[in-house]
Amino acid sequence: MTNSKVLLPQPRRVNTARVAELYRELLVELGEDPQREGLVGTPERVAAWWAEFLDHDPGRTDTVFPQQLAAGADQMVVVGGLHAWSLCEHHLLPMHLVVTVGYHPGAQVLGLSKFARIVSVHAHRLQVQERLVDAVAEEVAKATGVEDVGVVADGEHLCMSMRGVREQQARTVSYSFRGCFSGPGLGDRLLALSRPGGRR
């Protein structure tokens, strides 16, 4: 059983020929020779990667299944360890995120693989971590039909670890809590579950 399809941003088509041309120009401006051994074909490979990254199709993200809760039941579904790579829009450097999603199911549950697909579709763009957790929470709420959703992301940002302050051990934690997760208790539980070893 599925609900109406969640509307996602439409994939864009990357002009790989033009992107390759721009990378060739960039190599020249960086003092490199795009025709030297080792760089031949690099602009085309990088352009193909941009197309793969930005034109990513996650597939369906909204498959739900009906469920019947026992009277007075209090359930929470938590899916953790969702790894995603994205690009920081401030420096165009990678960030690696480990995402945990929790929600209180209602009359239907979201297929477990859809959590990874939802995270993936929002990671495959120029992004900031704070916006990503909000977007994932909003989409999970739409897909499940419930407002009780929490999303936590633990991120390593190469813009911090390989440039600037060069803090290689620094981690950024951000979260978006909605409904009952925004009150005391559940949000703290989800934060605890998102930490390494928290779900053991």
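Guide: The buried residues of α3 pack against α2, β2, β3, β4 (108–110), β5 and α4 (129–144). Contact here means heavy atoms within 4.5 Å. This is a predicted model, where local features need pLDDT of at least 70, side-chain atom pairs count only at pLDDT 80 or more, and totals for chains, interfaces and linings use all residues. Residues are numbered from 1 along each chain as its sequence is written, and side-chain values use heavy atoms, with hydrogens and water left out.

Visitor: Which residues of helix α3 are buried?

Guide: In α3 (residues 112–123) they are Lys114, Phe115, Ile118, Val119, Ser120, Val121, His122 and Ala123. Helices (H or I, at least four residues) and strands (E, at least two) are DSSP runs, numbered from the N terminus.

Visitor: Why is Thr42 called buried?

Guide: Buried means under 20% relative accessible area, exposed over 50%, partly exposed in between (1.4 Å probe, protein chains only). Thr42 has 19% relative accessibility, so Thr42 counts as buried. Thr42 lies in helix α2 (residues 42–54).

Visitor: What makes the Thr42 and Arg45 side chains a polar contact?

Guide: A polar contact is a pair of N or O atoms within 3.5 Å; within protein, one must be able to donate a hydrogen and the other to accept it, and residues adjacent in sequence count only if both atoms are side-chain atoms. The side chains of Thr42 and Arg45 are joined at 3.0 Å.

Visitor: Why does Asp55 count as buried?

Guide: Asp55 has 14% relative accessibility, so the buried label applies. Asp55 sits in the loop between α2 and β1 (64–66). The Asp55 side chain makes a polar contact with the side chain of Arg13 at 3.3 Å. The Asp55 side chain also reaches the backbone nitrogen of Val14 at 3.4 Å.

Visitor: How do you know that β2 and β3 pair?

Guide: Two strands pair if DSSP finds at least two bridges between them. Strands β2 (residues 77–88) and β3 (residues 94–103) have 9 bridges, in the antiparallel sense. His83 stands opposite Val98 in β3. The two strands form a hairpin with 5 residues between them, and Leu92 in the turn has a positive phi of about 55°.

Visitor: How many bridges pair β2 with β5?

Guide: β2 and β5 (residues 126–127) pair in the parallel sense over 2 bridges. Leu87 has Leu126 as its bridge partner in β5.

Visitor: What makes β6 mostly covered?

Guide: In β6 (residues 149–157), 7 of its 9 residues are buried. β6 runs antiparallel to β3, joined by 9 bridges. Val98 stands opposite Asp154 in β6.
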